[in-house]
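Open the model in your viewer and keep the selection panel at hand. The stops below say what to select next and what is there.

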Amino acid sequence: MSVDSKANGEKAAAPGKTRAEKALARFHEEDRLAEGLDANILAGLWPFMRPHAKWLVISLVLLLLGSGLAVLQPWLMGLTFDAFGHPDAARTLMQMGALILVLKLFEQSIAFPQVYLMQLAGARAAGDLRVHVFRFLHTRRLGFFDRTPVGRLVTRVTNDVDSINEMFASGTLNALGDLVRLVLIVVVMLRRDWQLALITFVAVPPVALGVMWTRRRIRDAFREIRVKTARMNAYLNEQVSGMAVVQAYAREEQSAAEFDEINEAYRQANNRSIVFDAALDAAIELVQSLCIAAVLWYAGVRSLSDRVSFGTLVTFVAYIEMFFVPIRDLSARMTQLQSALAGAERIFQLLENKEEDAPVPADAEGQAVKKDDPGVGAKDAGGDPQPRTSNNAFELDHVDFEYKPGVPILRDVSIQAAKGEKIALVGATGAGKTTVASLLLRLYEAKQGAVRVFGRDVRNAPRDELRKSFAVVPQEVFLFPGTIASNIAAGDVEVDRARVVRALERIGALDLFERREGGLDAKVEERGSNFSAGERQLIAFARALYRDPPILVLDEATANIDSDTEARLQKAVWAAMQGRTALIIAHRLSTIRAVDRIVVFHKGRVVEQGSHETLLAQGGAYARLYQLQFSRGEAHAAE
Ligand SMILES: Nc1ncnc2c1ncn2[C@@H]1O[C@H](COP(=O)(O)OP(=O)(O)OP(=O)(O)O)[C@@H](O)[C@H]1O
């Protein structure tokens, strides 16, 4: 069955499957194996191999030499045995013994550099490729990550690159040596005794067919193992990330049963590959023994009329033992090669993605460095981005936007923020407020209209310079594993400690973090799990101040926090807004009152704009929203 039809078959069967099976069905695309040798893929790999090609070439030369030496020895051994009975047998024996010893030592001594250099070339090329893919991911637009499961991208950087590395590490390229060895053995056998050779070769076609049949089964089993491994990883990921929900809803038993099912499928796939592998090994041994027996029997029959030398028999027995192993290994190496090429193919498919994050047209990039047009990110004497071209810090000009084609999120949105102005976006959840912030940073592209920052269309602003104009405090703060200080200085290799302290001082949170064990060097666990939501927000504010950009984007968290942290956060908001333009997606009354202008969103449209007082006086959407929040605020205050 072709892989595609298999995948389709599984998709079609999905309705009858368990929840775990259905949830993990999205990982099915992973199981394709390239058929044959695709020159395009090999050509695609070449740029990564080229810098290390010399090691590969040396290794291949040593490999061919080793194969020649391996075939030479049984032949010499045969000559040695044939020397028995000759008058100068003792001398010949000693000379041959010494020669074989030297050859053996030489063969062994080149085996190490051969394997080492091959693996070195592979590991280095794989390392380069891994870095290349990782860097490539950094340059993709956010929309690409919305659509692509994280697990799939992780697999590209890890498993798929490893499968290429494996091609070198497991000696797939030794197939070349195997081939040379086979040809040499055939030639020497035919020259030594063509009748005995033909007896051996009779076994080749059935062995080759049997090996191919079994290998196909093993390959299918490997493919199955790969899919099952991906499922198991995905399921584990889901379960560990959602452990709080699993435990809170007492779903342990159910989860264990689902995992059992996935594990059983994985075990069975593994089992199949083990059975076929073991059967193949046993069958090859059997064929070898049968061949040796047949050769000895025929030599016996022939000796009645025409003696077969002892040396010939020794040579044949040794060659038969060397003969079938390469035939067995050749097909395994072919499978490995295909698996590596399939991995490479998946990587190259990823690298073909055209969704570059915020690309700048070449002519616009030229403008960016024109002295008389310093736009976004132009630097003042102090090195900070200092906009000078427009009185507006940012502007959305009749912007339409959709994440998915045909699902409009923003419609004809126009907002202007003068430099230094503080603007709050308010509206129901899902109204499109966060989307506005994403468009300003050009994390997504507007479908219609223009987004300008300091007078320059974001499409013409170099990515780094545009984003240096902003500091974003998101609703869900993401902390990296490290320390408090390293998180505040996010992005800086060298942490400027004095700046970290100043940032924390300005938001009034220095004492809070210095009190912790370890102070500013206190450890931050994965995803900041050892910090409360409020503390994470404070760190994000400090991060914004550390960066000190001209525009602050604050997506206020909606989570309820204790009154002490709330007070600190309010102070932090104030401190962070001072001396810069601010766009605040506001949820708190105190913040809303503090801004210059409020923009009210409803279903992706701006329905009202104005100061707090003006909008209240209008008695429209904002006034209703405010009354609702105000009465809730009163209720809180009374508690
Ligand atoms: N990455 C995305 N892909 C597809 N749809 C999205 C994406 N992000 C947001 N949306 C959708 O776009 C709409 C606007 O989302 P947005 O986050 O801008 O709302 P919001 O007003 O900020 O809401 P909240 O107040 O809850 O933060 C929502 O319907 C949301 O489901």
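## The whole chain

The protein chain has 24 helices and 12 strands; helices (H or I, at least four residues) and strands (E, at least two) are DSSP runs, numbered from the N terminus. This is a predicted model, in which local features need pLDDT of at least 70 and side-chain atom pairs count only at pLDDT 80 or more, while totals for chains, interfaces and linings use all residues. Residues are numbered from 1 along each chain as its sequence is written.

Of the 639 residues of the protein chain, 30% count as buried. A residue is buried if 20 or more other C-beta atoms lie within 10 Å of its own, exposed if 12 or fewer, and partly exposed in between, with C-beta atoms placed from the backbone. Among contacts in the chain with a separation of 6 or more, 79% join residues 24 or more positions apart. Two residues are in contact if their C-beta atoms, placed from the backbone, lie within 7 Å.

## Stop 1: helix H4

Select helix H4, residues 53-82. Two of its residues are worth a click.

Gln73 lies in this helix and counts as partly exposed, with 17 C-beta neighbours inside 10 Å. Leaving out residues up to four places away in sequence, Gln73 touches Ile100, Leu103 and Lys104. Draw a distance from Gln73 to Gly122: these residues are 49 apart in sequence, and their C-alpha atoms are 31 Å apart.

Thr80 is also in H4. Is Thr80 buried or exposed? With 20 C-beta neighbours inside 10 Å, Thr80 counts as buried. Its contacts, apart from neighbours within four places in sequence, are Thr92, Leu93 and Met96. Thr80 and Val314 are 234 residues apart along the chain, yet their C-alpha atoms are separated by 10.0 Å.

## Stop 2: helices against H13

Next come pairs of helices. Two packed helices are described by the angle between their axes and the distance between the axes. Axes here are lines fitted to C-alpha atoms, for helices over the stretch in contact, and angles run from 0 to 180 degrees between N-to-C directions.

Select H8 (residues 175-192) and H13 (residues 310-351), which pack at an angle of about 150° with their axes 9 Å apart. H8 and H13 are therefore roughly antiparallel to each other; angles under 35 degrees count as roughly parallel, over 145 as roughly antiparallel, 65 to 115 as roughly perpendicular and the rest as oblique. Their crossing is left-handed. A crossing is left-handed if the near helix is turned anticlockwise from the far one by less than a right angle, and right-handed if clockwise.

On the H8 side the contact includes Asp178, Arg181 and Arg192, and on the H13 side it includes Asp329, Leu330 and Arg333. By class, this contact has 10 nonpolar, 2 polar and 5 charged residues. Ala, Val, Leu, Ile, Met, Phe, Trp, Tyr, Cys and Pro count as nonpolar, Asp, Glu, Lys and Arg as charged, and the others, Gly among them, as polar.

The crossing of H10 and H13 is right-handed. Val207, Ala208, Val211, Met212, Arg215 and Arg219 of H10 meet Phe324, Ile327, Arg328, Ser331, Ala332 and Thr335 of H13. The classes here are 7 nonpolar, 2 polar and 3 charged.

## Stop 3: H9 and H12

Select H9 (residues 194-201) and H12 (residues 252-303), whose axes come within 9 Å and cross at roughly 150°. H9 and H12 are therefore roughly antiparallel to each other, and their crossing is right-handed. Leu196, Ile199 and Thr200 in H9 meet Cys291, Ala294, Val295, Tyr298 and Ala299 in H12. This contact has 7 nonpolar residues, 1 polar and no charged.

## Stop 4: two positive phi angles

Ala358 sits in the loop between H13 and H14 (362-368). Its phi is positive, about 45°, although Ala358 is not a glycine. Ala358 is partly exposed, with 19 other C-beta atoms within 10 Å.

Move to His398 in strand E1 (residues 392-402). Phi of His398 is also positive, near 50°. With 12 C-beta neighbours inside 10 Å, His398 counts as exposed.

## Stop 5: the nonpolar cores

A nonpolar core is a set of buried Ala, Val, Leu, Ile, Met, Phe, Trp, Tyr and Cys residues joined through C-beta atoms within 7 Å. Which residues touch the most other members of the largest core? They are Ile507, Phe541 and Ala542, out of 76 residues. Helix H20 (residues 533-547) gives the largest share of this core, 8 residues. Select Ala542 to see its contacts with Ile488, Ala503, Leu504, Ile507 and Ala509, not counting residues up to four places away in sequence. A second, separate core has 16 residues, including Met118, Ala121, Phe168 and Leu341.
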